[in-house]
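Please look over the sequence and the structure shown here before reading on.

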Amino acid sequence: MHLPEKTKPFRIRSFIRRQGRITQGQQQALAYHWDKYCLNPTKDYDFAKVFGRNAPLFIEIGFGTGDCLAKIAAENPDHDYIGIEVHRPGVGHLLMLLEQQGLTNVRIYCHDALDILEHKIPDHSLSGVHLFFPDPWPKTRHHKRRIVRTEFVELLNKKLKTNGYFHAATDWQNYAENMLKILSSVTGIINTSPDGSYCDRPEYRPLTRFEQRGIRLGHGVWDLIFKKI
Ligand SMILES: C[S@@+](CC[C@H](N)C(=O)[O-])C[C@H]1O[C@@H](n2cnc3c(N)ncnc32)[C@H](O)[C@@H]1O
């Protein structure tokens, strides 16, 4: 049944909007570089036109400060990247990095990644999706806020090309186990780990800020990489 917009069930968000501390550099980057790199979530884009070429397209969801995304993009100039993050200071930080490094293969949505994936990304268009250290929502009553749910993985599966991959990493064991269960239950994607569980961190994934904080606190790290067949 098609529900009119008003009566559509409310979707639980995987984030809480917080302004947080913003540096002068981030503020300036938002003011000066927004138009150059940020995409409008209400518009439809032909990404080949946006980047001016046809290159493999990757998405990073929840890039935080964007250090990891900028590093991967710099090391892979033949790939194009779309970063999606709701936290404006983080977007400002990535804008600074893109401008400082002169990177031309990254664009940004400052918006809920689920909305963008569902409405703005064509099916079978992505070569890869990165989700590094999503908010773990450790309390049981908050697990419903975790971004990795069956519907999310099914949506990703629709957006990936054949042989495209989904790479998630977390430092929260219970979330890792939960992700493994959910990912393994969705048909059309297969685990790339030889023993059907977790992978070693691939060389292309640098340590992220959130991960380094977790490591200082003694947390483990789990990488999961599933491929669309
Ligand atoms: C725990 S942080 C990790 C940041 C970064 N990946 C790292 O490892 O340092 C998770 C990030 O995901 C963002 N986030 C959570 N849900 C999101 C969503 N639905 N769309 C876009 N960003 C989201 C949050 O704002 C936050 O910056």
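**A helix, a sheet and a ligand**

The buried residues of helix H5 pack against helix H2 (47-51), strands S1, S2, S3 and S4, and helix H6 (150-159). Helices (H or I, at least four residues) and strands (E, at least two) are DSSP runs, numbered from the N terminus. Buried means under 20% relative accessible area, exposed over 50%, and partly exposed in between (1.4 Å probe, protein chains only); contact means heavy atoms within 4.5 Å. This is a predicted model, in which local features need pLDDT of at least 70 and side-chain atom pairs count only at pLDDT 80 or more, while totals for chains, interfaces and linings use all residues. Residues are numbered from 1 along each chain as its sequence is written, and side-chain values use heavy atoms, with hydrogens and water left out.

Six of the eight residues of H5 are buried, so this helix is largely enclosed by the rest of the structure. The buried residues are Ala113, Leu114, Asp115, Ile116, Leu117 and Lys120.

How are the strands arranged? Seven of them form an open sheet of mixed pairing, in the order S3-S2-S1-S4-S5-S7-S6; two strands pair if DSSP finds at least two bridges between them. Strand S3 (106-109) and strand S6 (189-191) stand at the edges with a single partner strand each, so one side of each is left without a neighbour in the sheet. Direction ignored, neighbouring strands of this sheet are turned by 20° against each other on average. Axes are lines fitted to C-alpha atoms, for helices over the stretch in contact, and angles run from 0 to 180 degrees between N-to-C directions.

Strand S5 (residues 160-170) and S7 run antiparallel and are joined by six bridges. Phe166 has Phe226 in S7 as its bridge partner. Helix H5 (residues 113-120) packs on the sheet, where it touches S1, S2, S3 and S4, and its direction makes about 150° with that of S1. Helix H3 (residues 67-75) lies across strand S1 (57-61), strand S2 (80-84), S3 and strand S4 (126-132), and runs at about 175° to S2.

A nitrogen atom of the ligand is 2.8 Å from an N or O atom in the side chain of Asp112. A ligand nitrogen is also 2.9 Å from a polar backbone atom of Gly62, and an oxygen atom of the ligand lies 2.6 Å from a polar side-chain atom of Thr208. The protein covers 93% of the 600 Å² of accessible area that the ligand has on its own.

Most residues other than glycine have a negative phi. His124, in the loop between H5 and S4, has a positive phi of about 55° although it is not a glycine. Asn163, found in strand S5, likewise has a positive phi, near 75°.

Technical notes. Polar contact = N/O pair within 3.5 Å; in protein donor to acceptor, adjacent residues only side chain to side chain. Areas by Shrake-Rupley, 256 points an atom, 1.4 Å probe, with all protein chains shown as cover.
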